[in-house]
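Come along and look with me.

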Amino acid sequence: MSKVAIVTDSNSGINRMEAQKMGVFVLPMPFYINGEMYYEDVNLSQEEFYRRLEENAEISTSMPMIGDVTDLWDRLLEEYDEIVHIPMSSGLSSSCSTAKMLAEEYKNRVFVVDNQRISVTQKQSVLDAKMMAEQGFSASTITDRLMESKYDSSIYITLETLYYLKRGGRITPAAAALGSLLRIKPVLQIQGEKLDSYAKSRTKKSARAKMLDAMRKDISDRFHAGRDAEDVNIEIAYSGMYSEEVDSWKQEVEAAFPLHKGDIMTDPLSLSVSCHIGPGALAIACSKK
């Protein structure tokens, strides 16, 4: 039976302490802040990231350095027979295609999973992969299983402000100004490859209701799960620091899906997403079991 290591990146929301407890390995994502490089969860904490964001620092994302990736793989292959590497969605970063290219040099010892996920849904893929590795599945089989379900996840996000989308060039200044004037709270979606618009609301309460309706529809129509959503994992994510609003959102989601009360994964959104949407965002996600 092969000994399989599970590797991901910090876009999964798994920090170093969690990774040690889970028995997985995490590559920290690099960020440039005013031209200086930082690594998520190494010398860039959630608190520091949002402080710099609110100070209007120039922040950009980057993919992991090639040497960081291969150094980790080389070290792990001294102890493990195979590696399953689960990066963020290829539609959101070139790090996945780079990892696939690098894996070709490892002669079927490193398998890269491009199952189009990020944040809490990516974390669920890591948990599923780890469970299969512990059950004795090979890296090839784990990869095949994860790829079979690559589109069986869904994320909806509502924002506190349009400012960061405007600053990143995702919407025009005129649209952002109009949205602020009308107090529009957009709902965005991540369905595999990209972050896209889904709906608009006048209030965050209305946006939250639209996200719950959209998730119910996905669970029923896309994933064909049972009436109580017993066949899916429900997850919550947020940007900024944990707050009473996050608690309130969690209670609302638990009321909508009571079967999942007490087992809903709740994590910060990936900083790679947060740098484009800013603090105060709330999200709901699901992934088919």
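My entries on that strand and its sheet follow.

I began with the ground rules: this is a predicted model, where local features need pLDDT of at least 70, side-chain atom pairs count only at pLDDT 80 or more, and totals for chains, interfaces and linings use all residues. Residues are numbered from 1 along each chain as its sequence is written, and side-chain values use heavy atoms, with hydrogens and water left out.

I looked up strand S1 (residues 4–9); strands (E, at least two residues) and helices (H or I, at least four) are DSSP runs, numbered from the N terminus. Since 6 of its 6 residues are buried, S1 is largely enclosed by the rest of the structure. Buried means under 20% relative accessible area (1.4 Å probe, protein chains only).

I then checked directions: Val-4, Ile-6 and Thr-8 point one way from S1, and Ala-5, Val-7 and Asp-9 the other. In a regular strand, side chains alternate between the two faces of the sheet.

Which strands pair with S1? I found S6 (residues 82–86), parallel to S1 over 5 bridges, and S2 (residues 25–27), parallel over 3 bridges. Strands pair if DSSP finds at least two bridges between them. Glu-82 in S6 is the bridge partner of Val-4, while in S2 Phe-25 partners Val-7 and Leu-27 stands opposite Asp-9.

I noted the whole open sheet too: its 4 strands have the order S2-S1-S6-S7, with parallel pairing. S2 and S7 (110–112) are the edge strands, each pairing on one side only.

Conventions. Buried means under 20% relative accessible area, exposed over 50%, partly exposed in between (1.4 Å probe, protein chains only).
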